[in-house]
Amino acid sequence: MPDKAGGNPHVIIAGAGLGGLAAALALLKRGLDVDVYEQADELKEVGAGVQISANGTRVLFELGLKESVEHWGVRAVDKEIRLWNTGQTWSLFNRASAPIGERYGVPMFLLHRGDLHTALANAVRAAKPDAIHLNRRCVGFEQDGAGVELKFEDGSSAKGDVLAGADGLHSQVRRQLFGAAVPRFTGQVAWRGMVPMDSLPDYQRRMVATNWIGPKAHVTCYPVRRGELFNVVGQVDRNDWQTESWIEEGTHAECLADFPGWHPEVQTMLENTTTLYRWGLFLREPLEHWTKGRVTLLGDACHAMLPYLGQGANSAMEDGFVLARCIAQWPGDPVIALERYEVARLERTTSLVNRSAEMAGTFHNEAMATAESAEKYINTEWHPSKIGARYDWIYKYDAAGAAL
Ligand SMILES: Cc1cc2nc3c(=O)[nH]c(=O)nc-3n(C[C@H](O)[C@H](O)[C@H](O)COP(=O)(O)OP(=O)(O)OC[C@H]3O[C@@H](n4cnc5c(N)ncnc54)[C@H](O)[C@@H]3O)c2cc1C
């Protein structure tokens, strides 16, 4: 309910993932009251690596997390494209006009999702110690002209003036607003794992982010957690199992069988992962609207995207930041605030969903079958002009300055 002093709205958020926590922190920093309801019974370290590009870095710096990100993150000294079998290497920092950090004004960070999640949760709790409520799985809501009530599986409920559904891929808030998303399998699966850096030979312990690309698969790897771990994600065209999960485990033998003939450096990394997780990649059509009355959505709940542009986490945090700006700008009128938020964010995130899907064909391309055709293809697809066209509009975005 609006607080008595200033008439500020009380915001409730379903889901304490990266987007929900970024929204909560941005709201608290603007002096607004917020409560976050999370289904998990503890905020464990889950997930693997996330690449925080300049647009995400700006959000984190605005939220006061510069020190944490600099402490836990890795600043890549280069980004490379490498050919799956020969290991031939193309340096992207040499190709773009300046290293990524200088080109966009703020650095890119490579982070363990768990470290970023912990930094956000700690900052939210520092601002409001009891803001995050665990073991509260939302199952629906009711709203009227006076407020909104979020309902939980255990029969309890919570009231507020505005509800943001930040409850991820299988969002219950989205289900009630617009129906459940219909996921479509892409025919691709991802293997994800972490490699202790000290298990790798010296020559592989480099602070470089690499995309190994092949005809039917690619492997993205980069250091995280101050360089103590290496994050490895191998994505492969494969139709025989289709489970969308962040936590389903697979075996090393099965994973290695998906990368026959790949360069020994790739094989070594996959062999040295501690646990391997299998993640089926699914597409969802972007929504045309996110908001009804006092209820809106953010992050994967409304614009889940494939990982090819590395924007799932970045765009969810942008959403959270812009949502807080809108609520702070129109505190007396939540309906207007949410409408302005949707207008400010919809076009950009729809483009991210669509362009991420298009990138699948760029990474998995038959041109990589021979070294000669690969060289021609990579020189075209990763030409500085193409890199700029692909990434500048994403990385230059400033959630703190974007028009509302
Ligand atoms: C366990 C896990 C591991 C991940 N690992 C990676 C990774 O390694 N690399 C990567 O790039 N991305 C990963 N992601 C996805 C990435 O974090 C998101 O795509 C991105 O951050 C978008 O953020 P979000 O806040 O919209 O969603 P998420 O970060 O997915 O957060 C959604 C939150 O809502 C909670 N929730 C779901 N349903 C309910 C409910 N009914 N009631 C209350 N709470 C609910 C979830 O438990 C979760 O905490 C992972 C997500 C999860 C949940």
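**Labels and their grounds**

Q: Which residues does L92 touch, leaving aside those up to four places away in sequence?
A: L92 touches K79, E80, I81, W382 and I387. Two residues are in contact if their C-beta atoms, placed from the backbone, lie within 7 Å. This is a predicted model, in which local features need pLDDT of at least 70 and side-chain atom pairs count only at pLDDT 80 or more, while totals for chains, interfaces and linings use all residues. Residues are numbered from 1 along each chain as its sequence is written.

Q: Why is L92 called buried?
A: A residue is buried if 20 or more other C-beta atoms lie within 10 Å of its own, exposed if 12 or fewer, and partly exposed in between, with C-beta atoms placed from the backbone. L92 has 20 other C-beta atoms within 10 Å, so L92 counts as buried. L92 is found in helix α4 (residues 92-95). Helices (H or I, at least four residues) and strands (E, at least two) are DSSP runs, numbered from the N terminus. L92 and A209 are 117 residues apart in sequence and 10.0 Å apart in space, C-alpha to C-alpha.

Q: What makes R82 buried?
A: R82 has 23 other C-beta atoms within 10 Å and is therefore buried. R82 sits in strand β4 (residues 78-83). Not counting residues up to four places away in sequence, R82 touches G87, Q88, T89, T210 and W212. Between the C-alpha atoms of R82 and P260, 178 residues apart along the chain, the separation is 16 Å.

Q: What is said of the phi of N135 and of R225?
A: Most residues other than glycine have a negative phi. N135 is not a glycine, and its phi is positive, about 60°. R225 is not a glycine either, and its phi is positive, about 45°.

Q: Is N135 buried, exposed or partly exposed, and why?
A: N135 has 13 other C-beta atoms within 10 Å, so N135 is partly exposed. N135 lies in the loop between β7 (132-133) and β8 (138-144).

Q: How do you know how α1 and α11 are oriented to each other?
A: Two packed helices are described by the angle between their axes and the distance between the axes. The axes of helix α1 (residues 18-29) and α11 come within 8 Å and cross at roughly 30°. Axes are lines fitted to C-alpha atoms, for helices over the stretch in contact, and angles run from 0 to 180 degrees between N-to-C directions. Angles under 35 degrees count as roughly parallel, over 145 as roughly antiparallel, 65 to 115 as roughly perpendicular and the rest as oblique. α1 is therefore roughly parallel to α11.

Q: Why are α11 and α12 called roughly antiparallel?
A: α11 and helix α12 (residues 334-363) pack at an angle of about 160°, with their axes 8 Å apart. The angle is over 145 degrees, and α11 and α12 are therefore roughly antiparallel to each other. Residues in this contact include S315, D319 and V322 of α11 and A337, R340 and Y341 of α12.

Q: Why is the protein chain called as compact as a globular protein of its length?
A: The radius of gyration, taken over C-alpha atoms, is compared with the globule rule, 2.2 Å times the number of residues to the power 0.38. The chain has 14 helices and 18 strands. Its radius of gyration is 21 Å, close to the 22 Å that the rule gives for 404 residues, so the chain is as compact as a globular protein of that length.
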